[in-house]
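Here's a quick tour of the model, taking in the ligand site, the domains and the nonpolar cores. Have a look at the fold first, then read on.

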Amino acid sequence: METRTAQPTAEARLLETTRALLQTVRQTNLEALDRNAAEALAGQLRNVLNQHAYRYYVLDRPLIPDADYDLLLQALRTLETRFPDLITPDSPTQRVGGPPLERFEKVRHPEPLLSLSNAFGEADVRAWYERCCRMLAEQLGQQVQPALTAELKIDGVAMALTYENGVLTVGATRGDGIEGENVTQNVRTIPAIPLRIPVDPAAGPAPVRLEVRGEVYMRKQDFERLNEQLQARGERPFANPRNAAAGSVRQLNPQVTAARPLSFFAYGVGPAEGADVPDSQYEVLQWLRQLGFPVNEHARRFAALEEVLAYCRYWTEHRDDLDYEIDGVVLKIDSRFYQTLLGTISNAPRWAIAYKFPAREAITRLLDIIVNVGRTGVVKPEAVLEPVEIGGVTVSQATLHNEDYVRTRDIRIGDLVVVIRAGDVIPQVVRPVVEARTGRERPWRMPERCPSCGSPLVRLPGEADYYCVASDCPAQFVRLLEHFASRDAMDIEGMGSRVARQLAESGLVRRLSDLYRLQLEDLLQLEGFAETRARNLLHAIEASKRRALSRLLFGLGIRHVGKTTAELLVQHFASIDELAAATVDRLAAIEGIGPITAESIVDWFRVEDNRQLVEELKALGVNTQRLPEEAPAAESPVRGKTFVLTGALPTLTRKEAEELIKKAGGRVASSVSRHTDYVVVGENPGSKYDRARQLGIPMLDEEELLRLLGMK
Ligand SMILES: NC(=O)c1ccc[n+]([C@@H]2O[C@H](COP(=O)([O-])OP(=O)(O)OC[C@H]3O[C@@H](n4cnc5c(N)ncnc54)[C@H](O)[C@@H]3O)[C@@H](O)[C@H]2O)c1
Ligand SMILES: [Zn+2]
């Protein structure tokens, strides 16, 4: 695509207004605004929110992340609470969803399909629960502590399924909550939705009339595959699995829907006749399962609020273990009798609340793309971003992985881009907001030369990355030095990236062995080094001579030799000389070491300069022998076995369990496959558990694991 010099599109303008509003809302104390200012801001918010709601509910093509929408909606709600006369009937706070599309026949819901109120933290959940308790106490004349169900909030589209005498007769979208779209033909193509209930006739007579509510969704893998297909055909991909599900359900041609991989979870019932609907939400879920509906396996019933909050925290951390997207946890007062006592407000039930996960996506401007030289010479593009807040952290840099990543996503300098920051992972740019282009965006190309040493960059066949292959590239050496001194390698305290750069740039350290030749006078020349600091650093360097062999191997920065591989190597080679003498075949025969790693090790020792370096390190007193504590463990039943961990263990953290397994010679993998030997299962296990069950892989709890490791 050529760059255009077009006028900004309507979308670009909407996005600019939205970004400005987000900033205003973040920086303004809404509680302190006077009436006039509040009225003006509320008007702007309403206008912008309504446009986004239309794009989201009607077009299935949102422009902004949900968290941004929610933040603006929350701001509007705050203003409306202070000045209730500002509420208008068209305010997005008063409505549910969007109007049904004209293309479909409309269905009037016998009972409205409502939205859910949101909780943006534990305090909101507590306040909600206390309010429920208070209202119930008033009505019942006595204090109660109602039990709660907690369910995952599946990020899909709401669907109301009507069964008459057991036969599926109508499938309707939520629409505006009062009227939805009749998508029965499409719903019939979704394999997970039963056409007749109960699926097992032995489960009893069919209800005369029953409305089952649930969520149509798309699994992440299916979503990725669908987007690849769409892109291959030159069609526009969907922004996320939710939009893909919504767009697929609202196809005019049921054959298109049938070809889309849709799934379904039932989570509740609407109007019922001649049906034995149980008295509590939790039992309703079990009942729906008996009737033949897929019901999410992670739903739980809790007696105490603290347990509910723990469940919310757990899923905030583990949402990525699932193979479908969730955007929160839905909490419901379990008793259906209490639910009727609590009733509903304008557009949501009082007896339920959605605990929303913290934001992890934001839109910001891509100001520039720079390249960074790593220790192995790998040169990676990095995004320089207009600083943006994501889940309470300001992000101004993000990874762009490699040239292909930038090219296939058509990410251009000047674009507004979607940035994701999930957990501890480095923030990454996921896609440009193409609709917001103005024509001034510039495509980016990988530079031809290393920004540090100027030598030509090369791309190895079959690899996505470019490398600076100069052996004397200053940027690479600074990174190597930094890595050598790092915590998991030689652990030289006081030698962070700044000091590494000083040592390299001053010329005091030109190769790793030079570290062990440093004298006090040398360090005193460096900026910021007085006597105490210099002596401390020398001490730390001296102490590093006695580090374990695996740390040295890792620290040398041999390609593909990470911490785990280094530890594995030491199980098979008692010294660096033994390793240096090993052949590719010998190395590749070790379980856990592939041919590429084997070759990389042999290649490294083949370089004369590297052999020389090893000799120098030895001569300077650096340990190159396996230490007694590194010696291979006695033959254990765990040696060479592959473990996968899922769920929270009662006493061990995941990291501790991993370390114990590795120490005993086992391996820990992140996903379950036919090559998995054991799955260690804790509380709230994820989809790995199901997979293990399917494959018939033996499962252990913590106690059994410890026994297997000979620790119990
Ligand atoms: N990005 C945008 O521009 C934009 C615009 C409008 C709305 N939105 C997003 O839409 C959402 C608001 O939509 P909403 O009014 O449908 O509310 P909601 O999606 O937050 O909550 C209500 C819905 O949750 C679903 N749900 C999933 N699991 C459930 C369970 N176990 N029990 C009960 N319900 C369950 C149901 O479909 C129900 O309709 C927000 O996340 C908002 O950010 C985004
Ligand atoms: Zn270079």
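## Around the ligand

A residue counts as near a molecule when its C-beta atom, placed from the backbone, lies within 6 Å of that molecule. Keep in mind that this is a predicted model. Ligand 1 has 23 residues around it, and those that come nearest are His-52, Tyr-56, Asp-66, Ser-115 and Ala-158.

What is the shell made of, by class? It has 12 nonpolar, 8 charged and 3 polar residues. Helix 2 (35-58) is among the elements that supply at least two residues each, along with helix 3 (66-82), strand 3 (148-154) and strand 10 (326-333). Helix 2 gives the largest share, with 4 residues.

## Domains

The ligand 1 shell takes at least three residues from domain 1 and at least three from domain 2.

## Nonpolar cores

The largest nonpolar core has 66 residues, and the members touching the most others are Val-212, Val-216, Ala-245, Ala-266, Leu-288, Val-329 and Leu-331. Strand 4 (residues 157-164) provides the largest share of this core, 6 residues. Leaving out residues up to four places away in sequence, Val-212 touches Leu-161, Tyr-163, Ala-266, Val-269, Leu-288 and Phe-293.

There's also a second, separate core of 50 residues, with Met-490, Ile-558, Ala-598 and Leu-617 among them.

Technical notes. Residues numbered from 1 in each chain as written. Chains lettered and ligands numbered in written order. Predicted model: local features only at pLDDT ≥ 70, side-chain atom pairs only at ≥ 80, totals over all residues. Nonpolar A, V, L, I, M, F, W, Y, C, P; charged D, E, K, R; others polar. Domains from an automatic or database assignment. Core = buried A, V, L, I, M, F, W, Y, C linked by C-beta atoms within 7 Å. Buried ≥ 20, exposed ≤ 12 C-beta atoms within 10 Å, placed from the backbone. Contact = placed C-beta atoms within 7 Å.
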